[in-house]
Amino acid sequence: MTVSRKVLERHRKNVLIETGTYKGTTTKLAVEELGYDKVHTIELQEYLFNESKNNLKDLIDLGKVFIYNGNSNVKIKEVLDLIDEPVTILLDAHIDGGNFIPNVTPNVSWCPLYEELLHIKNHKINNHTILIDDVRIIGKIGWGSGVILDKLVEILMEINPNYVITYEEGETPNDVLVARVI
Ligand SMILES: C[S@@+](CC[C@H](N)C(=O)[O-])C[C@H]1O[C@@H](n2cnc3c(N)ncnc32)[C@H](O)[C@@H]1O
């Protein structure tokens, strides 16, 4: 659910892009405690976008947080178009029991990871640090059932053959895939 603060701190760049804002907890932590200068965060669901916008109001007013309402499978391109330095990208957007509301949650794919990675692959910079949260679910249940970990790694290596992939602590040990150039 929430990526560990140690992982976010260890892999900090100036800017964080986060897909899946939820209530803005990680967004706030990144700016207020982990030293990120700016966070761009994307939330699909209007009710969570509105709640987060309210929770993050002070940081938005300060120009530290930029929040977008929409599907990260396309919105991430809009955000990447604003970026001209290597950043940390936390891919944490998925629909699960914790955020699905019948007749409220939009009827979209439950996991935008492949599309997000393809936009990252098309970006002019190929050495962003990419964190994929909750990999314990991948290939198993819910949003993860249609996703293949080997395929994600293959796309990452197409983005940059020099990526080093590690698995670091999240909700459980080895729950966050980290792709970075050392
Ligand atoms: C696991 S939560 C994110 C937790 C948050 N990053 C944190 O650390 O507190 C997943 C979030 O992704 C959102 N989401 C699901 N599919 C999405 C999509 N295609 N684009 C953007 N957000 C999406 C859900 O509404 C939910 O708020």
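Which residue in S4 is the bridge partner of Leu16? The legends below, which describe a predicted model, begin with this pairing.

**View 1. Strand S4 beside strand S1.** The bridge partner of Leu16 in S4 is Thr88. Strands S1 and S4 pair in the parallel sense, and 4 bridges connect them.

**View 2. Strand S4 beside strand S5.** Strand S5 comprises residues 129–132 and runs parallel to S4, to which 4 bridges join it. Within S5, Ile130 is the bridge partner of Ile89. Between these strands, the chain leaves S4, passes through helix H6 (residues 113–121) and reaches S5; this β-α-β crossover is right-handed.

View 3. Strand S4 spans residues 88–91, and both of its faces are covered. Thr88 and Leu90 lie on one side, Ile89 and Leu91 lie on the other, and all four are buried.

**View 4. The surroundings of the ligand.** The ligand is surrounded by 25 residues, of which Gly20, Tyr22, Thr26, Leu44 and Ala93 are the closest. Two or more residues of this shell come from each of strand S1 (15–19), helix H2 (25–32), strand S2 (38–43) and helix H5 (72–80). By residue type, the shell holds 10 nonpolar, 12 polar and 3 charged residues.

**View 5. The buried residues of helix H2.** In helix H2, the buried residues are Thr26, Thr27, Lys28, Ala30 and Val31. Thr26 is also among the residues closest to the ligand. The buried residues of H2 pack against several elements: the helices H1 (5–10), H3 (46–55) and H4 (57–61), and the strands S1, S2 and S3 (65–69).

Methods:
Residues are numbered from 1 along each chain as its sequence is written. This is a predicted model: local features need pLDDT of at least 70, side-chain atom pairs count only at pLDDT 80 or more; totals for chains, interfaces and linings use all residues. A residue is near a molecule or strand if its C-beta atom, placed from the backbone, lies within 6 Å of it. Ala, Val, Leu, Ile, Met, Phe, Trp, Tyr, Cys and Pro count as nonpolar, Asp, Glu, Lys and Arg as charged, and the others, Gly among them, as polar. A residue is buried if 20 or more other C-beta atoms lie within 10 Å of its own, exposed if 12 or fewer, and partly exposed in between; C-beta atoms are placed from the backbone. Two strands pair if DSSP finds at least two bridges between them. A crossover is right-handed if, with the strands pointing away from the viewer, the path from the first strand over the helix to the second runs clockwise. Two residues are in contact if their C-beta atoms, placed from the backbone, lie within 7 Å.
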